[in-house]
Amino acid sequence: MIRTLSSVEPYRDFIRSFSNDPVFSDPMLATEAQRQKHLYEVPADPCACLLGSFAGETLTGLFVFLILEKDRYVQMLAGLTRSRKACAEALDFLTSRCAGYGADFVFNPRNAVLRALLKERGCIMEPEQLRLRWTREVPVSDLSGIFPLEEPHRARYCALHSRGVYWTAERVLAAPEIFRVLLAIEDGEAAGYIDLTHNSAENEPYDLFVRKESRRRGLGRALLSAAVQENRPNGMALLVDIDNEAAIALYESQGFDRAEGENNITAHICL
């Protein structure tokens, strides 16, 4: 049975039981900062929905969903359960509450229970992603061509930006409380960008792109190096497709190391 909860405080032991589980741990809850943001602070967020699945009075699943009604979008921020029934109940609740919304589920690649259920419901699975965390100081790249986004380059930034993602250029620009944008300027024109979150103890270079004709000139390395400097003294972590060897090599050259046990998969569905 699904219940809407007002707090996770009574269930801290349940939460801790997943922390070192190689199969059912949640990659969105790997650090204390993530647990604070995605679990303990959730009751204060009007857009977050905290659900518990119960067998009698025993908690069998704990879920947090971000529900953006204006955008008709749902994201699973936390999913802790070993029970197929609990997963199904949470999905049924979402489907009835948010019919027609787009939904993203980020989960542990080893979690065969959730993976199988999402596939049965028609989810599209993205490639497995590797989490990298900044752990080492490295020499700073030449940052002379890297600048914060300003109005003259706004249109070019939007034209360069990745499409088919939730955080489009327009949404990034409309959320300055979440993102900073750095540009690589070449011959007076924006040749690349990095979208960087800045509101957490551990931030993320969310999207890094250099136009084709400007690649192999060190601009990606300079953008990433600038993001690391911009982010100090906070921590930084990122996700990259596990088979993207070029990107992994770039990140590792800038002081990022692989975070063991924190890989994830994202699944998309229209509820």
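Colleague: At what angle do the axes of helix α7 and helix α8 cross?
Modeller: Keep in mind that this is a predicted model. Helix α7 covers residues 219-231 and helix α8 covers residues 245-253, and their axes come within 10 Å. The contact is made by G220, R221 and L224 of α7 together with L250, Y251 and S253 of α8. The two helices are therefore oblique to each other, and the crossing angle is roughly 45°.

Colleague: Is that crossing of α7 and α8 left-handed or right-handed?
Modeller: A crossing counts as right-handed if the near helix is turned clockwise from the far one by less than a right angle, and as left-handed if anticlockwise. For α7 passing α8, the answer is right-handed.

Colleague: Staying in α8, is A249 buried, partly exposed or exposed?
Modeller: A249 lies in helix α8. Its C-alpha atom is 15 Å from that of R215, a residue 34 positions away along the chain. Buried would need under 20% relative accessible area and exposed over 50%. A249 has 42% relative accessibility, so the label is partly exposed.

Colleague: Now the sheet: which strands stand at the edges?
Modeller: The sheet is open, with 7 strands and mixed pairing, and the order is β1-β2-β3-β4-β5-β15-β6. An edge strand here has a single partner strand, so one side is left without a neighbour in the sheet. That describes β1 (2-4) and β6 (124-125).

Colleague: What is the bridge partner of A55 in β3?
Modeller: Strand β2 (residues 48-55) and β3 pair in the antiparallel sense over 8 bridges. They form a hairpin with 2 residues between them, and G56 in the turn has a positive phi of about 70°. In β3, A55 has as its partner T58.

Colleague: How many of the 11 residues of β3 are buried?
Modeller: Helix α3 (residues 84-97) lies across β1, β2, β3, β4 and β5, and runs at about 30° to β3. β3 is largely enclosed by the rest of the structure, because the number of its 11 residues that are buried is 9.

Colleague: What do the buried residues of helix α2 pack against?
Modeller: Helix α2 spans residues 32-40, and its buried residues are Q34, H38, L39 and Y40. They cover an arc of only 155° around the axis, which puts them on the same side of α2. They pack against α1 (12-16), β3 (58-68), β4 (73-81) and β7 (129-134).

Colleague: What phi does R72 have?
Modeller: Most residues other than glycine have a negative phi, and most peptide bonds are trans. R72 is not a glycine, yet its phi is positive. R72 lies in the loop between β3 and β4, and counts as partly exposed at 43% relative accessibility. The phi of R72 is about 50°.

Colleague: Where does R216 lie?
Modeller: R216 also has a positive phi, of about 65°, although it is not a glycine. With a relative accessible area of 88%, R216 is exposed. R216 is found in the loop between β12 (205-210) and α7.

Colleague: What is omega for the cis peptide bond of R232 and P233?
Modeller: P233 sits in the loop between α7 and β13 (235-241). The cis bond joins R232 to P233, with an omega of about 5°.

Colleague: Last one: which residues does V113 touch, leaving out those up to four places away in sequence?
Modeller: V113 belongs to helix α4 (residues 112-120) and is partly exposed, with a relative accessible area of 24%. V113 and F24 are 89 residues apart in sequence but 9.0 Å apart in space, C-alpha to C-alpha. V113 touches F24, S83 and R84.

Key
Residues numbered from 1 in each chain as written. Predicted model: local features only at pLDDT ≥ 70, side-chain atom pairs only at ≥ 80, totals over all residues. Heavy atoms only, no water. Buried < 20%, exposed > 50% of the residue type's maximum accessible area, 1.4 Å probe, protein only. Helix = DSSP H or I, 4+ residues; strand = E, 2+ residues; numbered from the N terminus. Arc of directions from axis to C-beta. Contact = heavy atoms within 4.5 Å. Pairing = 2+ DSSP bridges. Axes fitted to C-alpha atoms, helices over the stretch in contact; angles between N-to-C directions. Parallel < 35°, antiparallel > 145°, perpendicular 65-115°, else oblique.
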